Amino acid sequence: MNDMKPMGLEPLYTPLQLPGGLTLPNRIAMLPMTRVRAEIDGTPSDLMVEFFAQRASAGLLFTDSTPVSAVGRGFLNAPAMFTTEHALGWRKVTDAVHAKGGRIILQINHVGRVNNLQFLQRNIAPVAPSAVRIPRNSRMITINIPRITPYEMPRALETEEIPLVADEFERAARLAVFAGFDGVEVHADSGYLIHQFLSTNVNQRTDRYGGSVQNRARFALEVLDKVIAVNGPEYVSIKLTPGFQVHNIEEDDIPEKYSYFIDQLNQRKGLSFLHLYFGDLASSEVFRSMRQQFNGRVLAEGSLKALQYAQMVASGALDFTGFARAFISNPDLPERLRAGLPISQPDMNTTYSLGAEGYTDYPKWNAADPEGSVVGPKQHDDADALLQALNI
Ligand SMILES: Cc1cc2nc3c(=O)[nH]c(=O)nc-3n(C[C@H](O)[C@H](O)[C@H](O)COP(=O)(O)O)c2cc1C
């Protein structure tokens with residue numbers, strides 16, 4: 001296979017040590033993906049155990065975005081982390097991944113106002129920094145996901161209850177330790193609750209959680225500090241998506257907000273890594289300045305091709321990266337890339353369906369059956385087509 005190996009991907013196959021001693025054997029993470037395959041109460045299913053174990057050769061695995069409370073859930077069948085049952089279910093996942101030599105991080109989240117299911121679970125409103133609803137005509141960013149539109153009008157959190165929501169993140173981190181995770185990632189982006197607090201349009205508060213950048217960042221930092229207190233900073237990473245105006249979040253003060261935020265992250269020395277998503281990663285000035293300002297490891301991603309990521313690792317622009325969609329259809333993505341093998345294409349119609357189909361039934365490469373190892377439009381074996389295939 002060596003003669004088919006695409007040139008230039010080697011930087012992705014050098015190990016990376018994170019603070020605290022976690023060593024990634026390669027720089028290719030499986031990025032967090034909501035896949036709605038848990039039991040209805042949020043307990044991880046046996047199918048999820050199989051899914052993550054199949055992908056254990058990734059440098060690092062991320063779970064689905066995982067709500068820390070019942071009111072923080074926004075998707076039916078999303079896995080959760082607020083009961084012992086949830087943790088015991090996750091423990092099966094982490095055991096299976098570790099048995100295959102992998103590493104796995106729990107992404108913890110609260111959807112805040114991005115919610116329209118509450119009335120199905122309990123007759124209570126979703127919560128948000130302020131009672132600002134996502135417009136009815138808001139574009140659904142996912143296909144086939146079992147959610148019901150329109151979004152509910154959220155209830156503004158009382159000042160006194162905000163620390164209690166931060167406590168829910170802390171509880172999830174404690175349960176993550178119990179469940180054997182290698183770390184937790186605080187999901188502070190994508191228009192969910194923490195991002196809602198950081199924004200100017202959903203956060204219209206006049207108490208200590210609203211107004212100035214410092215006040216809008218207070219909830220995120222309280223969450224972070226409580227999660228750090230559970231198992232040390234090296235157990236904790238945080239994801240930010242500056243400029244990603246999803247779920248009707250307005251990002252109108254990017255330089256001011258994120259430079260303050262990174263400064264605060266630097267004061268919490270020894271975090272595992274900072275996870276950044278940029279739609280224009282290769283050219284973004286904001287990314288470059290955040291990378292420069294942050295004193296630690298950076299996972300950066302932005303739907304680039306593998307070769308571009310490899311070049312960015314080689315130049316020191318980022319420490320490691322990852323793929324989401326390519327991992328849906330290629331459980332052995334790092335091996336396929338390394339050997340220059342064809343890449344399967346994911347069927348986005350089954351991304352959010354509720355069974356094994358489109359989840360655990362994508363094949364690994366089998367040299368005895370090359371035809372059967374590739375799903376979707378067939379790709380040529382040459383490096384160009386291979387890298388093209390990744391830009392799905
Ligand atoms: C099906 C799907 C579900 C996703 N769910 C999450 C999620 O739960 N949390 C998160 O931080 N990002 C989520 N993302 C974003 C991905 O982690 C990633 O940033 C994005 O897909 C770009 O990577 P790619 O071009 O390799 O797919 C999701 C993406 C996809 C395709």
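**Exercise 1.** The second largest cavity has a volume of about 30 Å³; state which residues line this cavity and which element gives the most to the lining.

*Solution.* Before the steps, note that this is a predicted model, in which local features need pLDDT of at least 70 and side-chain atom pairs count only at pLDDT 80 or more, while totals for chains, interfaces and linings use all residues. Residues are numbered from 1 along each chain as its sequence is written, and side-chain values use heavy atoms, with hydrogens and water left out.

Step 1. On a 1 Å grid over the protein atoms alone, a cavity is a set of points where a 1.4 Å probe fits but cannot get out, a pocket is an open set with protein on both sides within 12 Å along at least five of seven lines, and lining residues have an atom within 4 Å of a point. A volume is the space filled by probe spheres set on the points, which are joined across faces, edges and corners.

Step 2. The lining of the second largest cavity is made by Met-30, Met-33, Arg-35, Phe-51, Phe-52, Phe-62, Thr-63, Asp-64 and Tyr-359. Two elements, α1 and β4, each give two or more residues to this lining, and β4 gives the most, with three. Helices (H or I, at least four residues) and strands (E, at least two) are DSSP runs numbered from the N terminus.

Step 3. By class, the lining of the second largest cavity holds six nonpolar residues, one polar and two charged. Here Ala, Val, Leu, Ile, Met, Phe, Trp, Tyr, Cys and Pro count as nonpolar, Asp, Glu, Lys and Arg as charged, and the others, Gly among them, as polar.

**Exercise 2.** Find how many cavities of 30 Å³ or more there are, and describe the lining of the largest cavity.

*Solution.* Step 1. The count of cavities of 30 Å³ or more comes to two, and the largest cavity has a volume of about 50 Å³.

Step 1. Among the residues that line the largest cavity are Thr-34, Ser-65, Arg-73, Phe-75 and Asn-109, and the whole lining divides into four nonpolar, five polar and one charged.

**Exercise 3.** Determine which residues of helix α1 are buried and what covers them.

*Solution.* Step 1. Buried means under 20% relative accessible area, exposed over 50% and partly exposed in between (1.4 Å probe, protein chains only). In α1, residues 46-54, the buried residues are Met-48, Val-49, Phe-51, Phe-52, Ala-53 and Gln-54; Phe-51 and Phe-52 also belong to the lining of the second largest cavity.

Step 1. The cover of these buried residues includes β3 (28-30), β4, α2 and β5 (104-109).

Step 2. For the setting, the chain has 13 helices and twelve strands, and 59% of its 392 residues are buried.

**Exercise 4.** Work out where Asn-77 lies and which residues it is in contact with, leaving aside neighbours within four places in sequence.

*Solution.* Step 1. Asn-77 is found in the loop between β4 (60-67) and α2 (84-99), and it counts as buried because its relative accessibility is 13%.

Step 1. With contact meaning heavy atoms within 4.5 Å, Asn-77 touches Val-36, Arg-37, Ala-38, Glu-39, Ile-40 and Leu-354. A polar atom of the Asn-77 side chain lies 2.6 Å from the backbone oxygen of Ala-38.

Conventions:
A polar contact is a pair of N or O atoms within 3.5 Å; within protein, one must be able to donate a hydrogen and the other to accept it, and residues adjacent in sequence count only if both atoms are side-chain atoms.
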